[in-house]
Amino acid sequence: MDELDKKYYKIKDVAELLGVSASTLRYWEIEFPECKPRRSATNIRYYKAEDIETLKIIHYLLKVRGLKLVAAKEQLRTNRANVSNRVKIIDSLTETRNKLEDMLKALTKRR
């Protein structure tokens, strides 16, 4: 994911960034106390960059690694720094791969 440039993001934006539904984010909010976005007077959720980073870790544990909720909660509680580093490395490698694929497409179009 590119650097986050806004101060707050709505649930729709965060769901799109992570590739999950808004209802999934609301469920994770119930299951993971670390995930508590700000709410407006009209109850609209506003996620900060730190909230999104936490959600990326949760996404990695549940969707990528395939852990059950209990195991993901345990990993988040006991090994957050290590998991966070893995998520950052994966993001960086994905971004590099995407750039290389774009370069390859540009080169093949020239031929």
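Predicted model: local features only at pLDDT ≥ 70, side-chain atom pairs only at ≥ 80, totals over all residues.
The protein chain contains 5 helices and 3 strands, arranged along the sequence in the pattern β-α-α-β-β-α-α-α. Along the principal axes, the C-alpha atoms of the chain fill a box of roughly 55 × 35 × 20 Å. Of the 111 residues, 28% are buried. Among contacts with a separation of 6 or more, 53% are between residues 24 or more positions apart. The accessible surface comes to about 7,800 Å², and carbon and sulfur atoms account for 52% of this surface. The chain carries 25 positive and 16 negative charges, whose mean positions lie 3 Å apart.

Helix α3 covers residues 49–64. At 1.5 Å a residue, its 16 residues should span 22 Å, and the end C-alpha atoms are 21 Å apart, which agrees. The buried residues of α3 are D51, I52, T54, L55, K56, I57, I58, H59, Y60, L61 and L62. The elements that cover these buried residues include the strands β1 (9–10) and β3 (45–47), as well as the helices α1 (11–18), α2 (22–31), α4 (69–78) and α5 (80–110).

Just after α3, G66 adopts a positive phi of about 75°. A positive phi, of about 70°, also occurs at N43, although N43 is not a glycine. Most residues other than glycine have a negative phi. N43 is located in the loop between β2 (38–39) and β3.

Technical notes
Residues numbered from 1 in each chain as written. Heavy atoms only, no water. Helix = DSSP H or I, 4+ residues; strand = E, 2+ residues; numbered from the N terminus. Expected span 1.5 Å × (residues − 1). Buried < 20%, exposed > 50% of the residue type's maximum accessible area, 1.4 Å probe, protein only. Contact = heavy atoms within 4.5 Å. Areas by Shrake-Rupley, 256 points an atom, 1.4 Å probe, with all protein chains shown as cover. Lys, Arg positive; Asp, Glu negative; His and termini not counted. Charge placed at Lys NZ, Arg CZ, Asp CG, Glu CD.
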